[in-house]
Amino acid sequence: MTAVDEFPVLTTVRDFLSGPKKLLIGGEWVDAASGRTFATHDPATGERLTEVAHGQAEDVDRAVAAARRAFEDGPWARMKPNERERLIWRVGDVLSERAAEFGQLEALDNGKSAAIAQAVDTGWAADVFRYYAGWATKIHGSTVNVSMPFVPGGEFHAYTLREPVGVCGQIIPWNFPLLMATWKLAPALAAGNTVVLKPAEQTPLTALLLGEVFQEAGFPPGVVNIITGYGDAGAAIAAHDDVDKVAFTGSTEVGKKIVAAAQGNLKKVSLELGGKSPNVVFADADFETAVPGSLNAWLFNHGQCCVAGTRLFVEDAIFDEFTAAVAEAASQVKIGPGLDPATQLGPLVSQEQFDRVTGYVEAGLSAGARALTGGKRWGESGFFVEPTVLVDVQPEFSVVREEIFGPVVAALPFNAEQGVAPAANDSVYGLAAGVWTRDISKAHRVAKQLKAGSVWINQYNGFDTALPFGGYKQSGWGRELGADAIDLYTQTKAVNVAL
């Protein structure tokens, strides 16, 4: 039995799940060349939801060819920027109109709360499309006053053009399926590129529904192509000689494989990878704000979040009191299926992820950590893990050093006089960080010391579509969101005219 059988589900969602899902290639929904399919499952029960086309290298070839035709010869290549703007804006409008549908489907396929998926994931996705719709008419070059010292007496008119990169392969993860697709698709399309999108095999459904939205909005065939499948399909995209750029969000381990695969034609690569983010709480923090804020830092999206503040550094003067308060708040979180309106913490996405997270918790406890709360499976079915607060940890423990991607936090005390930055920066990652203090000067000093692409002060998960997002060190290359994302999907041409 799936959550579809237990909770009210929209007729449109039931209809969407009623038959096998196909690949979107060249504007048509088609079977995989092999005819194979694979099942996608409800993480709340482990039961099958529907069958999805099993795309592989041959299907990637077909999708890339369709994207190339659309880029070089189709109406997309001749479309004016304001025409692209209207199409992209329409996607945002349709997402808003169908937010409840997307929210329920995301809850079923990923496990997250349908209410949160509707308000946050789908609502923000709509905002991202509208934001980048505006960018379609604002991408421009500049004139350059050149000297040309080796051509005495010459006159020249020099300028630059910002042009689309071409065919973009985009590979997205399972933790925010719709949102991560949006972060990549919207700026790529605003810049005039075409796309081959590969969603994660665990959570392909909202990407496929989004494909229907692109068709409804009136995008020309081949501009957006969607290939569902496993890692071999992603590898085929990364290595394809007719793909001009690959954008990947996922683990650092797979990101390194993407880089290796892209070497063949030296395609552009952008990467948003793993994290083990520090969340720093000073003794002078607003206790009543910092406790729920620090809970949100590692429990948001069930801990399946690359920026999760899973290293909780608390000043020693308040360590015991603060960690006890966080543990108490965590123990009160309502656990359940994403379709249950009362649910605050849903299941992990898969059996594999459940085994990974529980394995880390067991390793931490075996090494000497102590759980103030949690530490076990919740329930008898589905992939649920209790919110877990670990103390008595050491910096060398795997629960401190490695990305767990689940509802688990490791808390460590620090002495303010000795400083927290060296310990906070002691990681191969550098994606995000949080700082809690009433001293604004201290907040800015610490923010400058932290090696992270995003630093949130007296808040956590302080995202905005206009703010660039990406990581230092092994957390990735490049920046998504904001104006920086347009840089990822354009290239500059210099033109110099002898007059």
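**Exercise 1. Find the salt-bridge partner of Asp121 and say whether the two residues are buried or exposed.**

Solution. Step 1: apply the criterion, in which a side-chain nitrogen of Lys or Arg lies within 4 Å of a carboxyl oxygen of Asp or Glu. Asp121 meets it with Lys112, the closest N and O atoms being 2.6 Å apart. Step 2: classify by relative accessible area (buried under 20%, exposed over 50%, partly exposed in between; 1.4 Å probe, protein chains only). Asp121 has 1% and is buried; Lys112, at 2%, is buried.

The model is predicted: local features need pLDDT of at least 70 and side-chain atom pairs count only at pLDDT 80 or more, while totals for chains, interfaces and linings use all residues. Residues are numbered from 1 along each chain as its sequence is written, and side-chain values use heavy atoms, with hydrogens and water left out.

**Exercise 2. Which parts of the chain does the salt bridge between Lys184 and Glu480 tie together?**

Solution. Step 1: confirm the pair. The closest N and O atoms of Lys184 and Glu480 are 2.8 Å apart. Step 3: check burial. Lys184 and Glu480 are buried.

**Exercise 3. Compare the accessibility classes of Glu201 and Lys198, then give the count of salt bridges.**

Solution. Step 1: the closest N and O atoms of Glu201 and Lys198 are 3.5 Å apart, and the two form a salt bridge. Step 2: Glu201 is partly exposed at 22%, whereas Lys198 is buried at 3%. Step 3: the count is 22 salt bridges. Salt bridges also link Arg90, Glu97, Arg98, Glu101, Glu212 and Glu216 into a network.

**Exercise 4. Describe the geometry of the ring pair Tyr131 and Tyr132.**

Solution. Step 1: rings of Phe, Tyr and Trp (its six-membered ring) pair if their centres lie within 6.5 Å; planes under 30 degrees apart are stacked, over 60 edge-to-face, the rest tilted. The count of aromatic pairs is 17. Step 2: the centres of the Tyr131 and Tyr132 rings are 4.8 Å apart and the planes stand at 85°, so the pair is edge-to-face. Step 3: Tyr131 is partly exposed at 27%, while Tyr132 is buried at 0%. Step 4: elsewhere, ring pairs join Trp124, Trp183, Trp456, Tyr460, Phe463 and Phe469 into a cluster.

**Exercise 5. Over which ring does the charged end of Lys245 sit?**

Solution. Step 1: the rule needs NZ of Lys or CZ of Arg within 6 Å of the ring centre and within 35 degrees of the ring normal. Step 2: the charged end of Lys245 sits over the ring of Tyr489, 5.1 Å from its centre.

**Exercise 6. Identify the buried residues of helix H9 and the elements that they pack against.**

Solution. Step 1: in H9 (residues 231-239), Ala233, Gly234, Ala236, Ile237 and Ala238 are buried. Step 2: these residues pack against helices H2 (57-72) and H10 (252-261) and strands E7 (167-171), E8 (194-198) and E10 (245-249).

**Exercise 7. State the domain bounds, the separation of the domain centres and the residues in contact.**

Solution. Step 1: an automatic or database domain assignment supplies the bounds: domain 1 is 3-273 + 476-495 and domain 2 is 278-457. Step 2: the centres, taken over C-alpha atoms, are 31 Å apart. Step 3: domain 1 gives 28 residues to the contact and domain 2 gives 24 residues.

Notes
Helices (H or I, at least four residues) and strands (E, at least two) are DSSP runs, numbered from the N terminus. Contact means heavy atoms within 4.5 Å.
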